[in-house]
Structure formats: C-alpha cells, structure tokens
Amino acid sequence: MRDITHFIDGQSVAGTSGRYGEVFNPNTGEVQARVQLATVGEVDAAVQSALRAQQTWALVNPQRRARVMFEYKRLLEANMNELAEMLSAEHGKVVADSKGDIQRGLEVIEFACGIPQALKGEYTEGAGPGIDVYSMRQPLGVCAGITPFNFPAMIPMWMFGVAIAVGNTFVLKPSEKDPSVPVRLAELFMEAGAPKGVLNVVHGDKLSVDALLDHPDVKAVSFVGSSDIAQYVYARGTATGKRVQAMGGAKNHGIVMPDANMDQAVKDIMGAAYGSAGERCMALPVVVPVGQKTAEELRERLLAEIETLKVGVSTDAAAQYGPVVSAAHKQKVSDYIQLGVDEGAELVVDGRGFALQGYEKGFFMGPTLFDHVKTSMRTYNEEIFGPVLQIVRADSFDEAVALPSQHQYGNGVAIFTGNGRAAREFVSRVQVGMVGVNVPIPVPVSYHSFGGWKRSGFGDTNQYGMEGVRFYTKVKTVTARWPEGSVEDSAFVIPTMK
Ligand code: NAD
C-alpha cells in the first residue's frame, strides 16, 4: 500500500504516529493509498521549518519573490495533465473539471506575480511641518491553511499563493481525503525556486488542526470547509490571538425570472447543480422559478436534460460528472434524499439506484430532482453537497429575493433574467456574498476576492485578491520628522567653491 507522507523543510517526511487515513479511488471504491496523520510534534516541525525560512524569505525583495511565482506558474502549466489525473483519481471529479480546479488556483498565482504592485504603500508628504507619514504592509510570519476535499488544488493556492508572495511562510493541512495533489504542489513550488521551509504540508485530522490553532508561532489561519468546523476554527484560532478567516458551507439559490433566456438558464443550472457531483461550494442546489408558468416550463426542461445526462468514471471524457468522494458521503447524500421524501417534497427523479456497469463498487450517484420543496424542510435548510437539485417555487420577485437572503448560508446566488432593472434590484438587496447575473457560478476572478456571508464565512476578510493581501499582512505606519536646520549644512549637497 502506498503511503502519502508529509512534506516538511523541503523534503518528504514519513509520519511516526502510526495513524492513517484511507484514500479511496472513488471510481472503484477501493482503498488506493494511506495518508499519514501527523502528531503534534510533526506539526511543530513544519512550523519550525517555516519559522526559520521566514527570517530570510521576508527579506527577499518583492520582485524576486514574484519571479518564483512566475516560474511556478510555468511549472503548473507544464504539469497540468499529470496534476489533473492525480486529482481526479482521488477526488472523483472528471479530468476536465480537475483542470478547472488547477486553473483557478493558477490564476491566483498569476495575481501573485504582480505582488510588488499590490504591496506598494501609502505616503503623505507634509502631514505637519517637516513631517511625512507613510504606511507599509509587512508579512505576519508563519501562516497556516486548512483546506477541504472538494478543491484540493485551487483552495490551497488561494491561500499560500498570496500568503507567500507577500513574505510569509506557510504550513498547509490539506484534506485527508485527497492529499496527493497538495504535496505535488509543494514539490513544484520548491522546483520553482522557493527555499525549503517556505511551503510545508502536514496531513492530519482534528489533532493537527488543533495543533496549528494553538501553536504560538502560527500568526494567521485560513480555513475552508463545512460551517460548524469553520466556526470552531474561527473561535479557537482567534482565542489565541491569531488572525483567522474561515469559509464555511453553502446552499446557493438560482432565481429564474419569467423573462429569463430559458435555454441558457437550463444549461447553466444543469452544470451548476450536477457538475462535480454537486460537490462545489458554489454549486446551485436550489432553483427558484418565479411564477407557476416558469416553474412548469423549468421542470419539464430540466427533466429532459436529466434524461441525457452522462455519469461516468472520472477519466471518461464524455462524462459530465463522476462519483462522489467516499462511501460515507454517498450514504449521507442518500439519507438526505430519503429525508426529503419523508418531509413531503416531491421526488421527481431519484438518483439513488444508479450503478455504473463495471464499477458497481464506485461511489456513483445519479442526478436527483425534487420539486415543491418548502422552506420549513431540513433538506432545504441544510447543505447536502451531492447531485441533488431542489425546486422551491416562488410567487413573486420579492419572495425570490427573500429566500437566499433569509437562508443561514450566504455564499453564492444567481439570477437569470433579461430585465436589467430586476437584476440591479436583486444585486442590491440580496444578502449573499457573491452574486451572478445570468452567471451560474459567480466565483470571482483572482484579482477580485472570494467570500460568503452569514454561516458561509467567519471573519471579515475574503480569500485572495487585495483582500488576501490585507489578510496576510499587517500595516505599519511611520510618522517621520527630520531635525530642523539648513539643508546647505548637509554633507550631501553638491559641493561648491564658496
Ligand atoms: P470538512 O469541514 O469536513 O473539512 C475541512 C477541513 O477541516 C479538512 O482539512 C479536515 O481535515 C478538517 N477537519 C475535519 N473535521 C475537523 C474537526 N473536527 N476539527 C478540526 N478540523 C477538522 O469539509 P469537507 O467535507 O472537506 O469539504 C466540504 C465542505 O467545505 C462543504 O461544506 C463545502 O460547502 C465547504 N466548502 C466551502 C467553500 C467556501 O469557500 N465557502 C469552498 C469549498 C468547500
């Protein structure tokens, strides 16, 4: 059995805990590797390595740090196919989707290539007599990232791309479900010219997360995962004085107005609801048609699309989505489907019985569609995170705006409409952090920033872009006055014969 080891101080380090996590091949259901779960001492070794590296890395000028990012971008592109296949083999998403996962992380690296510009400070000349004031951004020190299984390339790069470019060093604790890509990302980063210790990877579970949260030398923690754990990480990390940003779960709504371009909306909703087996925090698991006529048309069209949807192994180029990540997750999603039936929603399409020929033990699920879902139902209020789409019918625009606004999660939302006035009103009023107008998955580009509201995000700074730069730096402001006197007294004036 292959062991997946930690990556500390620029090299692979075998764990000593004797504790392992199983890494599955979701296509076959087989265990394909074991990942070593770190001890507190191993977490400390990673932090100490990062601490040593930080002393010199912070002094490397921003342009030179950017050059490492340029080279890293090149290496990621050169290794794209290998990384995507590795990612699909552990996560289960189709290879094209894995490339998207890597690409969206790579775009944060591209943003980091411009870090000298982003780090330029502010200056006020003559704030008082002979007084100048300037502010600069300095790195925090050692930062840590704790990431979920569903984007094992993109989310680590959201974090360490910016954190390291501004002069910090980093300890990544990736998901134990698909840990190989994060290690490969760190190896490539060393190959790009980063000194050892600048990026370390420790695998683990709650024990290593707690060790990072309690470690006095870790100055900031960035977390992405489910909301209860995000809230826990936020509370425990801030209690020890760390800066923490913790992104949580989601239940994103797609509002379909009567004047929407239905061909486009249906295509977009299918991809956003079922793509990556619904395991995206920006998926659209809830669709809200406004008016009964819109609802009937949408339902019919979705049904027709679902009939032709192709579920397959992650290497099948024709497949639209692959298996979910684990047997436990498949069971959880199946239980939610049963709960939906018990709660009285109409199960229009049931994906539970699906099996892929030749891969009967794989964690595959067919697409599920519910109609007449009510806001009182647990299946509406909770995140399912699988290929399950729920139709919640609304009678008016106001009702449609209220649904995502009143939901406990506020990550993403989309409105499909041909009416600019309605779209503008929606954008202004909806209580959600990222909004799409005729865009189903409004993940902001790398020079904007990513963050949800309510239980989708704890802390007040978003991921990547300038928000990331602010999160990973602290501001120092200098007020300077030079001694009074004649400038002619200075030895630096051009000498004259007088
Ligand atoms: P998860 O919360 O189970 O795990 C996230 C990380 O926390 C992992 O590294 C895991 O090892 C660690 N962890 C798990 N249990 C822990 C505990 N008890 N104490 C401390 N650490 C613990 O999430 P997941 O299943 O890997 O990912 C899916 C979730 O992530 C979904 O809820 C999804 O919506 C969310 N997500 C959110 C965003 C966002 O940006 N808002 C992006 C992607 C995923």
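Helix H4 (95-112), H6, helix H10 (262-274) and helix H11 (292-308) each contribute at least two residues to the lining of the second largest pocket, helices being DSSP runs of H or I of at least four residues and strands runs of E of at least two, numbered from the N terminus. The model is predicted, so that local features require a pLDDT of at least 70 and side-chain atom pairs count only at pLDDT 80 or more, whereas totals for chains, interfaces and linings use all residues. Residues are numbered from 1 along each chain as its sequence is written, and side-chain values use heavy atoms, with hydrogens and water left out.

The volume of the second largest pocket is about 540 Å³. Of the 29 residues that line this pocket, Gly-271, Ala-272, Gly-275, Arg-280 and Ile-441 are the closest to its centre. Pockets were identified on a 1 Å grid over the protein atoms alone as open sets of points with protein on both sides within 12 Å along at least five of seven lines, cavities as sets where a 1.4 Å probe fits but cannot get out, and lining residues as those with an atom within 4 Å of a point. Volumes are the space filled by probe spheres set on the points, which are joined across faces, edges and corners. H10 gives the most to the lining of the second largest pocket, with six residues. By class, this lining has 15 nonpolar, six polar and eight charged residues, where Ala, Val, Leu, Ile, Met, Phe, Trp, Tyr, Cys and Pro count as nonpolar, Asp, Glu, Lys and Arg as charged, and the others, Gly among them, as polar.

The domain assignment of the chain gives domain 1 (2-248 + 456-478) and domain 2 (253-437), with bounds that come from an automatic or database assignment. The C-alpha centres of domain 1 and domain 2 are 31 Å apart, and 20 residues of domain 1 are in contact with 24 residues of domain 2, contact being defined as heavy atoms within 4.5 Å.

The largest pocket has a volume of about 860 Å³. Its lining comprises 37 residues, of which Lys-177, Phe-223, Gly-225, Ser-226 and Ile-229 lie closest to the centre. Helix H8 (206-214), strand E11 (218-224), helix H9 (227-239) and helix H12 (327-343) each provide at least two residues of this lining, and the largest share, four residues, comes from H9. By class, 15 residues of the lining of the largest pocket are nonpolar, 12 polar and 10 charged.

Two cavities of 30 Å³ or more are present in the structure. The largest cavity holds about 100 Å³ of space and is lined by 14 residues, with Gly-278, Arg-280, Ala-283, Pro-285 and Phe-385 nearest its centre. The lining of the largest cavity consists of eight nonpolar, three polar and three charged residues. About 40 Å³ of space lies in the second largest cavity, whose lining residues include Arg-104, Glu-107, Trp-158 and Tyr-464. H4 and H6 each supply at least two residues of this lining, of which H4 gives the largest share, three residues.

The largest nonpolar core contains 69 residues, and Tyr-72, Phe-170 and Phe-189 have the most contacts inside it. Helix H6 (residues 154-165) gives the most to this core, with 10 residues. Because domain 1 and domain 2 both give residues to this core, the core lies between them. Apart from it lies another core, of 60 residues, including Met-257, Val-266, Ala-345 and Val-392. Such a core is a set of buried Ala, Val, Leu, Ile, Met, Phe, Trp, Tyr and Cys residues joined through side-chain atoms within 4.5 Å, where buried means under 20% relative accessible area, exposed over 50% and partly exposed in between (1.4 Å probe, protein chains only). Leaving aside neighbours within four places in sequence, the contacts of Phe-170 include Met-159, Phe-160, Ala-163, Ile-164 and Tyr-472.

Asp-259 is located in the loop between strand E13 (253-256) and H10, and with a relative accessibility of 37% Asp-259 counts as partly exposed. Not counting residues up to four places away in sequence, Asp-259 touches Thr-417, Gly-418 and Asn-419. The C-alpha atoms of Asp-259 and Val-392 are separated by 18 Å, the two residues being 133 residues apart along the chain.
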